[in-house]
Amino acid sequence: MNILLHQNFKIACVRRAPWRVLGARAASGGGGGGGGGGAAAERKTTQLRRLLTSPELSFLMEAHNGLSARIVDEAGFEGVWASGLSISAQLGVRDCNEASWTQVLEVAEFMADASRAPVLLDADTGYGNFNNARRLVRKLEERGVAGCCIEDKCFPKTNSLLDGRPQPLADIEEFSLKIQACKEAQRDADFCVVARVEALIAGWGLAEALRRAEAYRAAGADALLVHSKRRDAAEIEAFMAEWRGQGPVVIVPTKYPSTPTQRFREMGVSAVIWANHNLRACVTAMQNTSQRIMREQSIAGVESEVASVQEVFRLQRDDELKAAEDRFLPKK
């Protein structure tokens, strides 16, 4: 798709519903707010909306707890993807709603507190029907999370990348009404609800993916996440060619990592989520470190290969606590 056409659409979509691009709205009222710094600070919800609707390709990086969210923020990413797979894995459970929505919410709150960049939560199916999903939106706003991504599967969900598993999809009308309920429930006009289209994952084909995408756009979704597990980007290319810039599209290229990022720009993709690499990096590092210490019965060999304790303290912002103690604790 022509890049200029895509850019012009993104500018034009500011002016027309249902893609309610409200990034310039005054930072007043509502929950899910900004990262501190007084009235002039831009809310995190507004940051996320701008990220999703920018004419430039944007990037979100996966994190799964407060520490990893701060690391992603320090690396310079514009947004943090609170991955359902990664959060469930770091809790030691499977990615099929074994972790309750309140447990996920607590992790997301720590992530939002730790990062100056906005957090977009992978909220699976919304953890139930429209009523569960709209309650989730209210709670995410209260905890400072900037948006959520809800997929059109049935509860409990099945991870999209599991091979040979059935991937039952929700009824289009039911899911569209769930999106509508979420949008009507939010207090902050800039809170983003992303509708995740799983038709390609389920093997239902391009026509069904487009039909669902249009229904969710009409229901008020702020962006679409179109997912594919092909080893190339052919399905995404076909979708983008037919979609013709009707609204922001987010992709997750976990299964087609060799596709050049420039190709995503040429297609007109709005944002790319690098969805699980921090978790996977942690797994490899912890396995190697644990096995080596067990084998050598000593930490001497790994000491130079792991972060220092002082770096951990820095990431925990111990310097801020020390400065606060100097101000607020009585002098002896």
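**Close-up views of a predicted model**

Figure 1. Asp-318 sits in helix H13, which covers residues 318-328 (helices, H or I with at least four residues, and strands, E with at least two, are DSSP runs numbered from the N terminus). This is a predicted model, in which local features need pLDDT of at least 70 and side-chain atom pairs count only at pLDDT 80 or more, while totals for chains, interfaces and linings use all residues. Residues are numbered from 1 along each chain as its sequence is written, and side-chain values use heavy atoms, with hydrogens and water left out. With a relative accessible area of 39%, Asp-318 is partly exposed (buried means under 20%, exposed over 50%, partly exposed in between, with a 1.4 Å probe and protein chains only). On the surface, Asp-318, Asp-319, Glu-320 and Glu-325 form a patch of negative charge. Patch residues have over 30% relative accessible area and no salt bridge, and like charges are joined within 9 Å; Asp and Glu count as negative, and the place of a charge is CG of Asp or CD of Glu.

**Figure 2. The whole chain, for orientation.** Look here for 13 helices and eight strands. Of the 332 residues, 48% count as buried. The accessible surface is about 16000 Å², and carbon and sulfur atoms supply 53% of that (Shrake-Rupley method, 1.4 Å probe). Among contacts with a separation of 6 or more, 72% are between residues 24 or more positions apart (a contact means heavy atoms within 4.5 Å).

**Figure 3. Ser-86 and its surroundings.** Ser-86 belongs to helix H4, residues 84-90. Its relative accessible area is 0%, so Ser-86 is buried. Leaving aside residues up to four places away in sequence, Ser-86 touches Glu-62, His-64, Ala-275, Asn-276 and Leu-279.

Figure 4. Side chains of opposite charge can pair when their charged atoms come close. A salt bridge here is a side-chain nitrogen of Lys or Arg within 4 Å of a carboxyl oxygen of Asp or Glu, and the count comes to 30. Asp-222 pairs with Arg-49, with 3.1 Å between the closest N and O atoms. The partners are 173 residues apart: Asp-222 is in the loop between helix H8 (206-219) and strand E6 (223-226), and Arg-49 is in helix H2 (residues 44-53). Both Asp-222 and Arg-49 are buried. In a further salt bridge, Arg-212 and Asp-152 have their closest N and O atoms 3.2 Å apart. Arg-212 lies in helix H8 and Asp-152 in the loop between strand E4 (147-151) and helix H7 (172-185), so this pair ties together parts 60 residues apart in sequence. Arg-212 is buried at 3% relative accessibility, and Asp-152 is buried at 0%.

Figure 5. The closest N and O atoms of Arg-230 and Asp-232 are 2.8 Å apart in their salt bridge. Arg-230 is partly exposed, at 37%, and Asp-232 is partly exposed too, at 32%. Elsewhere, salt bridges with shared partners join Asp-95, Asp-122, Asp-124, Glu-151, Lys-153, Lys-157, Arg-196 and Glu-198 into one network.

**Figure 6. Asp-122 up close.** Asp-122 is in strand E3, residues 119-122. At 5% relative accessibility, Asp-122 counts as buried. Its C-alpha atom is 6.9 Å from that of Ile-150, 28 residues apart along the chain. Not counting residues up to four places away in sequence, the contacts of Asp-122 include Trp-81, Tyr-127, Cys-149, Glu-151 and Arg-196.

Note on methods
Patch = residues over 30% accessible without salt bridge, like charges linked within 9 Å, V, L, I, M, F, W, Y side chains within 5 Å.
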